[in-house]
Amino acid sequence: MNAIKEALKNVSDLWSLMVGLKVTGRYFREPQRTVRYPWKALSNTDTYKGHLELVGGMKDPFKPRCISCGMCALACPSNCLTVVKRKAPKPTPEEEKALAEAKERGEKPKDKTPKDPEKFIYDFSLCSLCGTCMENCPAGALQFSGNIYMAGYSRNDFLFDLVVKMRESEAASPAEPAAAPAATSEA
Amino acid sequence: MPAEFIRILIGLVAVAVSVGLIGLVMVWVERKVAGHIQRRPGPYEVGPNGVLQPLADALKLVGKQLFMPDGADPILYWLAPVLSFIPVLLLFLPLPVGDGLMALDINLGLLLILAFAGLTVLSLLLGGWASNTKYCLLGAARAVAQSVAYEIPLLLSVLAVSFVAGSLNLAEVVKGQGTWPWNWNIMTQPLAFLIYIVSALGETNRAPFDLPEAESELTAGFHTEYSGMGFGLFFLAEYANMVVVCSVATALFLGGWQGPVLPGPVWFVLKVSLLMLLMVFFRWTYPRVRFDQLLTINWKWLMPLAVLNLLATSFFVKLAQFTEVRW
């Protein structure tokens, strides 16, 4: 009795084949979900998390907000960040004199060293995009870029200095702060 | 007999041309259907809607270097693709495309097709064996076990129809059917049609029974090592085999060239292409079966059903002869 039941179940299960055909048939008729890339580009890339980039300052959008504290490099699990601090500018003779006077008076001298980094070396080939650097940044100076079209021919193409990259983006877009994508896109 | 000879010659040329053309069209259709089922456009860049893509692929295949792995048997290795393609040309000869439109009008046409279709297995075996590689050998072993098994229900289901028609000539079988769908053999032999389609899928190594070439397990199965036109011939032979099994199904079950309004050959081509499209849809719908499942389907289901169907058919045919009832 059970054997017959099982056999009949096998036959009735054949209906699932029809269901499968129905599903693929429906997909066949429905519009495509892909975009023909070289001719059209995607528009919904706002949520894309690309490589790291420096955030510009409040006044000058092309001067990094970074204070070169090095917390990001310390927090990075992949060791892909290297922050090079700027050296203090050589004090002029008058400044040196003022400094000595201040020291005599027992005052703490004011640090004139610019806070933004000289170099911010970032190895994208090591980065796992975990975002720990952003979480640990006290100045909020790091963010993910929306650059989805990044490609390179060698590993070295992914080793960049974010300060240089920021300067390049300044040169690329003199007027508007946000560069419009080259290819217009469909919804 | 020169007239017959010329007829066969013309038929062979027409078949060779149409096989090439069908190969090109089917590659395009297959990739396009696959693309649309997966909600992407498929080939798009070469020619309008990518129709010239198969031509570009064919050119690439022809231009590629022919490779042979170390330790392969050079004679058998190069014999296999040729051997898979040559009998296919022969399979087209007894197919009735229209009334009287067949290259070889013999009364054993069906037998000829079934006999030479069996040669495909040999070429797969040779190709897999001669390559001297594990994937090829596994693919060949699967191909043999599968094709040998699926040939039996295929034969039995075909036999049931020819019992009713009383002939092994495909043209005679078609003439025994009527113009309208309810006059076709599929109405009297629905089970045989189902068995035929399933075993035809197994016989042509199409998904879901594409175990001999299972991409995900054996890279490409028996033709893993073939490059250029060596692979191209296997590929063409596969599509040509598809056309043959669909044509035989059309002639046996779907009334062949018979149909209202339109001329015969148009109906034939229309029915064959519909069946081909169905096979393509099967490929992109169903997952590949496991090998034990494959053989279970065959030996535990198709074979007993085909035998029962054949017995019942022969019983009713005899009954009809005794009682002089035409049905």
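Trainee: Before I look closely, what confidence does the predictor give the complex?

Mentor: This is a predicted model, and the predictor gives the complex an ipTM of 0.70 together with a pTM of 0.75. Taking the chains in turn, chain B has a mean pLDDT of 84, with 98% of its residues reaching 70 or more, while chain A averages a pLDDT of 80, with 90% of the residues scoring at least 70.

Trainee: And within chain A, where is confidence lowest and where is it highest?

Mentor: In chain A, confidence is lowest in helix α4, residues 93–105, at a mean of 79, and highest in helix α5, residues 132–136, at 89. Please also keep in mind residues 176–187 of chain A, over which the pLDDT is below 50, although this stretch has 13 contacts in the model beyond near neighbours in sequence. Where pLDDT is low, the predicted coordinates should not be read in detail.

Trainee: OK, noted. How is chain A divided into domains?

Mentor: Domain 1 covers 1–30, and domain 2 is made of 34–86 + 112–172. The C-alpha centres of these two domains of chain A lie 53 Å apart.

Trainee: Let's go to the strands then. What does β2 of chain A pair with?

Mentor: Strand β2, residues 81–84 of chain A, pairs with strand β3, residues 119–123 of chain A, in the antiparallel sense over four bridges. If you want to follow the pairing residue by residue, A:Leu81 has A:Tyr122 as its bridge partner in β3(A), and A:Val83 has A:Phe120.

Trainee: Which residues of β2 sit on the covered face?

Mentor: A:Leu81 and A:Val83 make up the covered face of β2(A), whereas A:Thr82 and A:Val84 make up the uncovered one.

Trainee: Moving along from β3, where is A:Leu126, and is it buried or partly exposed?

Mentor: A:Leu126 is found in the loop between β3 and α5 of chain A, and it is partly exposed because 14 other C-beta atoms lie within 10 Å. Not counting residues up to four places away in sequence, A:Leu126 touches A:Ser78, A:Asn79 and A:Cys80. A:Leu126 and A:Leu81 are 45 residues apart in sequence, yet their C-alpha atoms are 9.4 Å apart in space.

Trainee: Switching to the nonpolar cores, which residues of the largest one touch the most other members?

Mentor: They are B:Tyr196 and B:Ala249, in a core of 75 residues. Helix α11 of chain B, residues 228–253, gives the most to this core, with 17 residues. Leaving aside neighbours within four places in sequence, B:Tyr196 is in contact with B:Leu154, B:Ser157, B:Val158, B:Ala249 and B:Phe253. Apart from this core lies another, of 16 residues, among them A:Leu52, A:Cys66, A:Cys76 and A:Ala141. In soluble globular proteins, nonpolar side chains tend to be buried together.

Trainee: I flagged B:Arg39 and B:Asn205 for their phi values. What is phi in each?

Mentor: B:Arg39 has a phi near 60 degrees, a positive value in a residue other than glycine, and B:Asn205 likewise has a positive phi of about 60 degrees although it is not a glycine.

Trainee: Where do they sit, and why does B:Asn205 count as buried?

Mentor: B:Arg39 is in the loop between α1 and α2 of chain B, and B:Asn205 is in the loop between α9 and α10 of chain B. B:Asn205 counts as buried because it has 26 C-beta neighbours inside 10 Å, whereas B:Arg39 has 13 and so counts as partly exposed.

Trainee: What about B:Gly50, what does it touch?

Mentor: B:Gly50 is also in the loop between α1 and α2 of chain B. Beyond residues up to four places away in sequence, B:Gly50 touches B:Trp28, B:Gly42, B:Pro43, B:Tyr44 and B:Glu45.

Trainee: Last one: how many residues of each chain are in contact with the other?

Mentor: In the model, 10 residues of chain A are in contact with 10 residues of chain B, and by class the side of chain A has three nonpolar, four polar and three charged residues.

Key: Residues are numbered from 1 along each chain as its sequence is written. Chains are lettered from A and ligands numbered from 1 in the order in which they are written. pLDDT is the predictor's confidence in each residue, from 0 to 100. A nonpolar core is a set of buried Ala, Val, Leu, Ile, Met, Phe, Trp, Tyr and Cys residues joined through C-beta atoms within 7 Å. A residue is buried if 20 or more other C-beta atoms lie within 10 Å of its own, exposed if 12 or fewer, and partly exposed in between; C-beta atoms are placed from the backbone. Helices (H or I, at least four residues) and strands (E, at least two) are DSSP runs, numbered from the N terminus. Two residues are in contact if their C-beta atoms, placed from the backbone, lie within 7 Å. Domain bounds come from an automatic or database domain assignment. Two strands pair if DSSP finds at least two bridges between them. Ala, Val, Leu, Ile, Met, Phe, Trp, Tyr, Cys and Pro count as nonpolar, Asp, Glu, Lys and Arg as charged, and the others, Gly among them, as polar.
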